[in-house]
Amino acid sequence: MAAKIISGVEVAKQIREEIKAEVEQLKAKYNKVPGLVTILVGENPASISYVTGKQKTAKELGFYSVQDDQPADITEDRLLALIDKYNKDDSINGILVQLPLPKHINETKVLYAINPDKDVDAFHPVNVGRLVIGEGIFLPCTPAGIQELLIRGGVETSGAHVVVVGRSNIVGKPIANIMLQKAKGANSTVTVVHTGTKDVGHYTRMADILIVAAGRANYITADMVKEGAAVIDVGVNRIGMTPEGKAKLAGDVDFENVKEKASLITPVPGGVGPMTITMLMKNTLAAFKQSLGIK
Ligand code: NAP
């Protein structure tokens, strides 16, 4: 059986259209739009490219967007003061500090200074706690994107056995907690495996839904996957250069062989990746609606 390949590019486009339409409606009613500030410290080329993408998308969706670029030698106190300024600014609903920060700045201290109601990356412990108890206003972007792909890909999650490979704070742990909730697009039985797990394949072969975020190129081979499983590949691994001089990417799943066995699979690139920025926009819209008292 060849798997249905689910395009994150297409799903992300659909969600962006929905966000744009909602922003227009809210603007007509309240004469306000969601506001997002991106704070970039220094000139890391990858960070510049991520921030540019976020700014471009925010503008396309009709948001008020502020790009606040700061020099690499900004002091921690100055950065904290900047966050405080945006915490108090009513026109800003989402504050995104692009990581990594320079070594002289305490990343945790900076992220924890963001008002949890404006923490659209959902990394603040308050938002982690809200997620665990099922009261998340917004979910961390990559895991939220994974759940959307499952829902829009028509995958039945209720009662399914979800196996997550990886337990990082940004992907593995939050997606495991999301799928565990008694909620739409969740209500699953969840197993999490990691480097301490004896015989990872024993668990992955039991998965109805296999979510892989290990950061190991082509780690999940066809013999580790159950016939008919839905496979979400989060991994992004650089495995060389293309003849055009671009980075050649591979996922954590041996796509060519696993697609013959799975019922649904996400490609790399073009799977989970495009969903992440879109979910950031969805979170900013949710923060905006919350500020207006809309459920
Ligand atoms: P991470 O912080 O390095 O965590 C990797 C996790 O995988 C760890 O929990 C590790 O276990 C586990 N692991 C590693 N090798 C394993 C193995 N052989 N067997 C079982 N478990 C194993 O990585 P991350 O930030 O979660 O990211 C994971 C991948 O997703 C990376 O390739 C990253 O680039 C990608 N990613 C993509 C997006 C996107 O938007 N598409 C977003 C975020 C991340 P231990 O805890 O025991 O070390």
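Modeller: Helices are DSSP runs of H or I of at least four residues, strands are runs of E of at least two, and both are numbered from the N terminus. The expected span of a helix is 1.5 Å times one less than its number of residues. This is a predicted model, in which local features need pLDDT of at least 70 and side-chain atom pairs count only at pLDDT 80 or more, while totals for chains, interfaces and linings use all residues. Residues are numbered from 1 along each chain as its sequence is written, and side-chain values use heavy atoms, with hydrogens and water left out.

Colleague: What span does helix α2 reach from its first C-alpha to its last?

Modeller: Helix α2, residues 45–60, reaches 23 Å with its 16 residues, close to the 22 Å expected. After α2 comes glycine 62, which has a positive phi near 85°.

Colleague: Which residues of α2 are buried?

Modeller: Buried means under 20% relative accessible area, exposed over 50%, and partly exposed in between, with a 1.4 Å probe and protein chains only. In α2 the buried residues are Ser47, Val51, Lys54, Gln55, Thr57 and Ala58. They line one face of the helix, because they fall within an arc of 165° when α2 is seen down its axis; the arc is that of the directions from the helix axis to the C-beta atoms. On the face turned away from the buried side, α2 carries the exposed residues Pro45, Lys56 and Lys59.

Colleague: What covers the buried residues of α2?

Modeller: Contact means heavy atoms within 4.5 Å. The cover includes α1 (8–30), β2 (35–41), β3 (64–70), β4 (94–97) and α10 (273–291).

Colleague: How many salt bridges does a search of the whole structure find?

Modeller: Side chains of opposite charge can pair when their charged atoms come close. A salt bridge is a side-chain nitrogen of Lys or Arg within 4 Å of a carboxyl oxygen of Asp or Glu. The search finds 11. One of them joins glutamate 148 to arginine 152 at 2.8 Å, N to O; both residues lie in helix α6 (residues 141–152), four residues apart, about one turn of the helix.

Colleague: Is glutamate 148 buried or exposed?

Modeller: Glutamate 148 counts as buried, at 11% relative accessibility, whereas arginine 152 is partly exposed at 28%. Glutamate 148 also meets lysine 282 in a salt bridge of 3.0 Å, N to O. Lysine 282 lies in helix α10 and glutamate 148 in helix α6, so this pair ties together parts that are 134 residues apart in sequence. Through shared partners, salt bridges join Glu18, Glu148, Arg152 and Lys282 into one network.
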